[in-house]
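Biologist: Could you take a close look at one part of this model for me, the sheet, and walk me through it strand by strand?

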Amino acid sequence: MPFIARPKRRGIVIDRALTYQVMYRTTVVGWKNVYFVDNPDRPRVTLSPQEFHAILPEVDPRVTTGCCEVGLDMLHELGFTVNDEMIAV
């Protein structure tokens, strides 16, 4: 059987390489506000506890404040959109 060389892929898909740091805080009524770490003045997304834990199941429900890195797909699931290097709600 002859040896067949597979073509090598170079680089990675840009959407998979980009990660965004987001932080979350629990409000007084128990909902989660999600912000960007680099600029908290940017728009925020407010999610119910059920929506938040459906998107980020690895976060313990008892945690009140934290941060994590998310990819572009998860950023869209959280409710943010990315247009021409600008992130908006």
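How many bridges join β1 to β2?

Modeller: Happy to! The count is 5 bridges, and β1 and β2 run antiparallel. Before going further, please keep in mind that this is a predicted model, where local features need pLDDT of at least 70 and side-chain atom pairs count only at pLDDT 80 or more, while totals for chains, interfaces and linings use all residues. Residues are numbered from 1 along each chain as its sequence is written, and side-chain values use heavy atoms, leaving out hydrogens and water.

The protein chain has 3 helices and 6 strands; these are DSSP runs numbered from the N terminus, with helices being H or I over at least four residues and strands being E over at least two. From the N terminus on, their order is α-β-β-β-α-β-α-β-β.

Now to the sheet. It is open and made of 4 strands in the order β3-β2-β1-β4, with antiparallel pairing (two strands pair if DSSP finds at least two bridges between them). Because β3 and β4 stand at the edges with a single partner strand each, one side of each has no neighbour in the sheet. From one strand to the next the twist averages 30°, with axes as lines fitted to C-alpha atoms and angles running from 0 to 180 degrees between N-to-C directions.

Let's follow β1, residues 19–26. Towards β2, its valine 22 stands opposite phenylalanine 36. Towards β4, the antiparallel pairing extends over 7 bridges, and here tyrosine 20 stands opposite valine 70.

That brings us to β4, residues 65–71. In a regular strand the side chains alternate between the two faces of the sheet. In β4, Gly66, Cys68 and Val70 point to one face and are buried, where buried means under 20% relative accessible area, exposed over 50% and partly exposed in between (1.4 Å probe, protein chains only).

Finally, look at the loop between β2 (32–36) and β3 (45–47), where proline 43 has its place. Proline 43 is partly exposed, at a relative accessible area of 36%. Its C-alpha atom is separated by 8.7 Å from that of phenylalanine 80, a residue 37 positions away along the chain.
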